[in-house]
Amino acid sequence: TATGRLTTRKDSFPILTLNKNLRSCVKPRNDIFLELDFNSAELRVLFSLLGQTIPEQDLHTWINENVFQSKYSREETKKKIFSWLYNPKAKNKKLNDFFDRDKIQQKYFVDGSITTPYERNIKVDQNKAVNYLIQSTTSDMLLSSAIKVSALLENKKSFVCFCIHDSIVIDMSREDKHLIEKILQVFSSTKMGNFKTNMSLGKSFGSMRKIK
């Protein structure tokens, strides 16, 4: 896409848009799928772009507790954040006071384009500048982590099978299980900071379950 996010072409396997009912058809060549998923990736990128300390816990829960004084559910908080963040005309005093949205636009949007921390230059309308900046940065951060994990698994049976949204799925061999902690460390350590990462395991892509 324009932001650098992966998309599905007509002649490729539709892993990004595959119906959930069909995900169980996608199975590993090795023993199990291991998925690594950045927790609230776009919001963590927002914190990083603003130079603010990134909380370690789930960000939607943290924002509800610290910005909205626990007034909303996690899902309600998530909806409020993104409807405000990506709509420059949206007003929310509590979020405006906590996140200086205009600050990052002024820093990264110059002469009709943005240049991300990963040096991707994108021509964009001012109204979409913050949206494109955060989404592009998040995408390149994920792809950079996927490349590092792939390098770690070079000459191993396990391999990065695919990327989907803000996660990578590894086709994991039992003989490489001793590498999981290192894989998690490499994936979580990004140019934008050390990001909280969720892990899931499954015998198929449709049976993934979170683990601690």
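Strand S1 is mostly covered, with 5 of its 7 residues buried. The structure is a predicted model. In it, S1 pairs with strand S6 in the antiparallel sense over 6 bridges, and S1 also pairs with strand S9 in the antiparallel sense over 6 bridges. The points below treat these strands, a further sheet, the helices and the nonpolar cores.

- Strand S5 (residues 159-164) pairs with S6 in the antiparallel sense over 5 bridges, and Val160 stands opposite Ile170 of S6.
- S5 and S6 form a hairpin with 2 residues between them. In the turn, His165 has a positive phi of about 60 degrees.

**The sheet of S2, S3 and S4**

- An open sheet is formed by 3 strands in the order S2-S3-S4, with antiparallel pairing.
- Strands S2 (109-110) and S4 (121-123) stand at the edges and have a single partner strand each, so one side of each is left without a neighbour in the sheet.
- S2 pairs with strand S3 (residues 113-115) in the antiparallel sense over 2 bridges, and Val110 stands opposite Ser113 of S3.
- Helix H6 (residues 129-152) lies across S2, S3 and S4 and runs at about 30 degrees to S3.

**Helix packing**

- Helix H2 (residues 59-66) packs against helix H3 (residues 74-85) at an angle of about 85 degrees, and their axes are 9 Å apart.
- H2 and H3 are therefore roughly perpendicular to each other.
- H2 contributes His60, Thr61, Ile63 and Asn64 to this contact, and H3 contributes Arg74, Thr77, Lys78, Ile81 and Phe82.
- The residues of the contact of H2 with H3 comprise 3 nonpolar, 4 polar and 2 charged ones.
- In helix H7 (residues 180-188), the buried residues are Ile183, Val186, Phe187 and Ser188.
- These buried residues of H7 pack against S1, H6 and S6, as well as strands S7 (189-190), S8 (193-194) and S9 (197-202).

**Nonpolar cores**

- In soluble globular proteins, nonpolar side chains tend to be buried together.
- The largest nonpolar core has 50 residues, and those with the most contacts inside it are Ile63, Ile168 and Ile170.
- At least two residues of this core come from each of S1, helix H1 (41-50), H2, H3, helix H5 (101-108), H6, S6 and H7.
- H6 gives the most to this core, supplying 9 residues.
- Not counting residues up to four places away in sequence, Ile63 touches Leu43, Phe68, Thr77, Ile81, Leu95 and Phe99.

Note on methods:
Residues are numbered from 1 along each chain as its sequence is written. This is a predicted model: local features need pLDDT of at least 70, side-chain atom pairs count only at pLDDT 80 or more; totals for chains, interfaces and linings use all residues. Side-chain values use heavy atoms; hydrogens and water are left out. Two strands pair if DSSP finds at least two bridges between them. Helices (H or I, at least four residues) and strands (E, at least two) are DSSP runs, numbered from the N terminus. Contact means heavy atoms within 4.5 Å. Axes are lines fitted to C-alpha atoms, for helices over the stretch in contact, and angles run from 0 to 180 degrees between N-to-C directions. Angles under 35 degrees count as roughly parallel, over 145 as roughly antiparallel, 65 to 115 as roughly perpendicular and the rest as oblique. Ala, Val, Leu, Ile, Met, Phe, Trp, Tyr, Cys and Pro count as nonpolar, Asp, Glu, Lys and Arg as charged, and the others, Gly among them, as polar. Buried means under 20% relative accessible area, exposed over 50%, partly exposed in between (1.4 Å probe, protein chains only). A nonpolar core is a set of buried Ala, Val, Leu, Ile, Met, Phe, Trp, Tyr and Cys residues joined through side-chain atoms within 4.5 Å.
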